[in-house]
Every structure is written in C-alpha cells, then in structure tokens.
Amino acid sequence: MELGVVIGAQAAYVSESEALEFVAGYTVVNDISERAYQFERGGQWTKGKSFDTFAPIGPWLVTKDEIPHPQSLRIWLDVNSERRQSSNTSAMIFTVPRMVSYLSELMTLMPGDVICTGTPAGVGHGMKPPQFLRAGDTMRLGVEGLGEQQQRVFAYGTNCVK
C-alpha cells in the first residue's frame, strides 16, 4: 500500500523547492504484486504489477491544500483483519518533493500522472516465513485523510484482485 501523488500541471526539470506546485493532490494506491511472475519468470518487477485489476487507486483524490504535510500521514494495511503494515509517510526514503523533482528530470510529468511513493515495511514477501495473498483473502488499507480501500482476492487462471 502506498501514498499516491497525482500530478496537476506539466512538470519537466523542476526543483525540489517548487515540486509541490505541480501536485494536484494525493490518493491511496494498493501496489499489488504477483510474486511468481516477478521471481519465477526472471526480469523486472513490472510484469508482476501489471495485471488487470492491480494497483487500485482511490477512493478519492484529496487536493494538496487539504494535505499541507504529505510527509506526516499514517498509513496501514490489514489482511484478513490482521495488521500487516503500519507506518507513516515520514518514514519514506525519499520525500514527495524529491520524487517529483527527480522523476521530472527523467520524463515530463503530465496532469493526471500518478506517482506511487513506495511500500512501507510489512509486505508478505519480506516476512519470515513469507506470507503471500491467497484466494479469499481480504485487504483493507488506508492513508490518513485520504480514505480507505478494501479488496478481496479471487483466483481465476492467475491471482486476481477485485
């Protein structure tokens, strides 16, 4: 689960000090990963994160004026009512302004682009032993001030989330 940053104005080569001027607002993103595709088929992470229904966003876009301090939001994720992730955006490795500035050096960011800021500790893959999602599991997650999501895992052909 991650904080999503939604770009509001075209941004290319912006400084960290001006980066938040290009942000429209913030949202909740569930960065779902299909680990078998990531690990067993080799290559990059992208293939395990690109299935239909993955990365649900919302429930709302909260404008930046309503979230004056994006680096101080409580974030959490429960699987089957068990808390798996509990953190704060203050623990992010890179700040929102740093990410917007850095990415704007690599590509032009366009209105509506969503930056997923990174997942806090507690992902199933990192647990000992690893705990992966299974059909029937329910995820509930949220970011303080941005709302909550809930998804149930379904299996048909490959693991899918609805």
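## Close-up views of a predicted model

Figure 1. Val 6 stands opposite Gly 25 in β2. Strands here are DSSP runs of E with at least two residues, while helices are runs of H or I with at least four, and both are numbered from the N terminus. Two strands are said to pair if DSSP finds at least two bridges between them. Glu 2 also has a bridge partner in β2, namely Val 29. Please keep in mind that this is a predicted model, in which local features need pLDDT of at least 70 and side-chain atom pairs count only at pLDDT 80 or more, whereas totals for chains, interfaces and linings use all residues. Residues are numbered from 1 along each chain as its sequence is written, and side-chain values use heavy atoms, with hydrogens and water left out.

**Figure 2. The open sheet built around β1 and β2.** Four strands form this open sheet, in the order β3-β2-β1-β6 and with antiparallel pairing. Its edge strands, each pairing on one side only, are β3 (62-63) and β6 (114-116). As a reminder, strands of a sheet pair through backbone hydrogen bonds, either parallel or antiparallel. β2 and β3 run antiparallel and share two bridges, with Tyr 26 facing its bridge partner Val 62 in β3. β2 is largely enclosed by the rest of the structure because six of its seven residues are buried; buried means under 20% relative accessible area, exposed over 50% and partly exposed in between, with a 1.4 Å probe and protein chains only.

**Figure 3. Leu 61, on the way into β3.** Leu 61 belongs to the loop between α1 (35-39) and β3. It is partly exposed, with a relative accessible area of 46%. Once neighbours within four places in sequence are set aside, Leu 61 is in contact (heavy atoms within 4.5 Å) with Val 6, Gly 25 and Tyr 26. Thr 27 is 34 residues away from Leu 61 along the chain, yet their C-alpha atoms are separated by 5.1 Å.

**Figure 4. The largest nonpolar core and Leu 146.** A nonpolar core is a set of buried Ala, Val, Leu, Ile, Met, Phe, Trp, Tyr and Cys residues joined through side-chain atoms within 4.5 Å. The largest one has 30 residues, and those touching the most other members are Leu 3, Tyr 26, Val 100, Val 143 and Leu 146. At least two residues of this core come from each of β1 (2-7), β2 (23-29), β4, α2 (96-106) and β7. Which residues does Leu 146 touch, not counting those up to four places away in sequence? Among them are Leu 3, Tyr 26, Pro 59, Trp 60 and Leu 73.

**Figure 5. The buried residues of α2.** These are Val 96, Pro 97, Met 99, Val 100, Ser 101 and Ser 104. The elements covering them include β1, β2 and β6. An α-helix has 3.6 residues a turn, so residues three or four places apart point the same way.

**Figure 6. β4 and its two strand partners.** Five of the six residues of β4 are buried, so β4 is largely enclosed by the rest of the structure. β4 pairs with β5 (residues 82-88) in the antiparallel sense over six bridges, and Ile 75 has Ser 87 as its bridge partner in β5. The two strands form a hairpin with two residues between them, and Asn 80 in the turn has a positive phi of about 50°. β4 also pairs with β7 (residues 138-143), again in the antiparallel sense, over five bridges. Here Trp 76 stands opposite Gly 142 in β7.

Figure 7. The side chains of Asp 78 and Arg 83 are joined by a polar contact of 2.4 Å. Such a contact is a pair of N or O atoms within 3.5 Å; within protein, one must be able to donate a hydrogen and the other to accept it, and residues adjacent in sequence count only if both atoms are side-chain atoms. Beyond its neighbours within four places in sequence, Asp 78 is in contact with residues including Arg 84, Thr 138 and Arg 140. From Asp 78 to Gln 150, 72 residues apart in sequence, the C-alpha to C-alpha distance is 9.4 Å.
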